[in-house]
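Work through the exercises below with the sequence and the coordinates open side by side. Each task is followed by a solution that goes step by step.

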Amino acid sequence: MRIVVLLGAPGAGKGTQAHVLAERLGLPRIATGDLFRAAVREGTPRGVEAQGYMERGALVPDEVTVAMLLERLALPDAAGGAILDGFPRTRAQAEALDAALHGRATGVEAALLIDVPVADLLARLSGRWLCAAAGHPYHETADAPRVAGVCDIDGSPLIQRDDDRPEVVRARLEKQLGALGDVVGHYRAAGLLQIVDGSRPIDDVTAALLEALGEPLAELPRS
Ligand code: AP5
């Protein structure tokens with residue numbers, strides 16, 4: 001089982017890179033943010049609980065988040081592993097993941113921190129567009145779609161996230177960066193942390209992540 005954890009501040013490029021790595025490594029991308037947004041859309045009890053936290057830019061409580069992630073990780077498509085995008089976000093989540101994987105006689109292969117200066121994150125998030133069908137991310141200047149408003153990959157319309165409004169982005173950064181530091185410390189202590197400069201162009205970041213995983217660089221899906 002191959003579990004790769006992508007770490008980074010809101011807007012660092014986790015989703016962008018997770019889509020590429022998932023395709024490249026043949027693993028599912030599991031994004032807790034996407035799972036929560038689906039739960040909110042469907043109006044499930046978990047979605048109702050998560051919605052207020054997400055609107056305030058706060059982290060959803062660990063108990064809810066860990067249960068959701070472990071349920072998803074137990075589905076058959078993740079039997080060979082997964083790219084985790086946005087989980088773990090707290091030390092307690094990291095420890096819960098370790099314990100669950102230990103129970104399956106495995107562990108996290110690598111924790112890759114996409115490091116981007118905080119000053120760049122607001123511009124990234126306020127210019128972000130996502131495809132309605134699968135969440136493929138674009139940026140209005142750094143990574144524009146070939147046809148404005150349409151996903152290059154699946155042709156679905158591009159939309160903006162409610163929590164990408166500047167006031168919510170500021171709250172996300174204020175409320176979440178401390179916990180990110182704890183998670184980084186957890187994986188550093190375990191000897192699993194690798195840091196990649198996320199301020200470079202998207203394909204360069206992908207290449208650095210693949211190199212960190214010991215993967216060959218040829219045939220990047222986005223090239
Ligand atoms: P979530 O959906 O995980 O949001 P996030 O972590 O804030 O991350 P983002 O999706 O905003 O950013 P990203 O790093 O994926 O960046 P992207 O690739 O899109 O979580 C949402 C909410 O759900 C949380 O606030 C919380 O409430 C809750 N939640 C989720 N998980 C949780 C958990 N584990 N515990 C508790 N609560 C949880 O890129 C951003 C933009 O930059 C795009 O426009 C992209 O095109 C552009 N870009 C990417 N790379 C580059 C580059 N190299 N150069 C220039 N532009 C780039």
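**Exercise 1. Determine which residues Ala78 is in contact with, leaving aside its neighbours within four places in sequence, and decide whether Ala78 is buried or exposed.**

Step 1. With contact taken as heavy atoms within 4.5 Å, and with neighbours within four places in sequence left aside, Ala78 is in contact with Met1, Pro28, Ile30, Arg72 and Leu73.

Step 2. The model is a predicted one, in which local features need pLDDT of at least 70 and side-chain atom pairs count only at pLDDT 80 or more, whereas totals for chains, interfaces and linings use all residues. Residues are numbered from 1 along each chain as its sequence is written, and side-chain values use heavy atoms, with hydrogens and water left out.

Step 3. Ala78 lies in the loop between helix 4 and strand 3, where helices (H or I, at least four residues) and strands (E, at least two) are DSSP runs numbered from the N terminus.

Step 4. Ala78 counts as buried because its relative accessibility is 0%; buried means under 20% relative accessible area, exposed over 50%, and partly exposed in between, with a 1.4 Å probe and protein chains only.

Step 5. Pro28, one of the contacts of Ala78, is 50 residues apart from Ala78 in sequence, yet the two C-alpha atoms are 6.4 Å apart in space.

**Exercise 2. Find which residues of helix 2 are buried, and what they pack against.**

Step 1. Helix 2 covers residues 32–42, and its buried residues are Thr32, Phe36, Ala38 and Ala39.

Step 2. Viewed down the axis of helix 2, these buried residues fall within an arc of 160°, so they line one face of the helix; the arc is that of the directions from the helix axis to the C-beta atoms.

Step 3. The elements against which the buried residues of helix 2 pack are strand 2 (29–31), helix 3 (45–56), helix 4 (62–73) and strand 3 (81–85).

Step 4. Just after helix 2, the backbone at Gly43 takes a positive phi of about 70°.

**Exercise 3. Describe how the axes of helix 2 and helix 4 cross, and which residues make the contact.**

Step 1. Two packed helices are described by the angle between their axes and the distance between the axes.

Step 2. The axes of helix 2 and helix 4 come within 11 Å and cross at roughly 100°; axes are lines fitted to C-alpha atoms, for helices over the stretch in contact, and angles run from 0 to 180 degrees between N-to-C directions.

Step 3. Helix 2 is therefore roughly perpendicular to helix 4, given that angles of 65 to 115 degrees count as roughly perpendicular, under 35 as roughly parallel, over 145 as roughly antiparallel and the rest as oblique.

Step 4. Helix 2 contributes Thr32, Leu35 and Phe36 to the contact, and helix 4 contributes Val64, Thr65, Met68, Leu69 and Arg72.

**Exercise 4. Which residues have the most contacts inside the largest nonpolar core, and what does Ile83 touch?**

Step 1. A nonpolar core is a set of buried Ala, Val, Leu, Ile, Met, Phe, Trp, Tyr and Cys residues joined through side-chain atoms within 4.5 Å.

Step 2. The largest such core has 46 residues, and those with the most contacts inside it are Val5, Leu7, Leu73, Ile83, Leu84, Leu97 and Tyr187.

Step 3. Another core, of 6 residues, lies apart from it, and among its members are Phe36, Met54, Val64 and Met68.

Step 4. Not counting residues up to four places away in sequence, Ile83 touches Val4, Leu6, Ala18, Leu21, Ala22, Leu25, Leu27, Pro28, Arg29 and Ile30.

**Exercise 5. Is Val169 buried or exposed, and which residues does Val169 touch?**

Step 1. Val169 lies in helix 7 (residues 166–189) and is buried, with a relative accessible area of 0%.

Step 2. Not counting residues up to four places away in sequence, Val169 touches Leu122, Leu125, Asp163 and Asp164.
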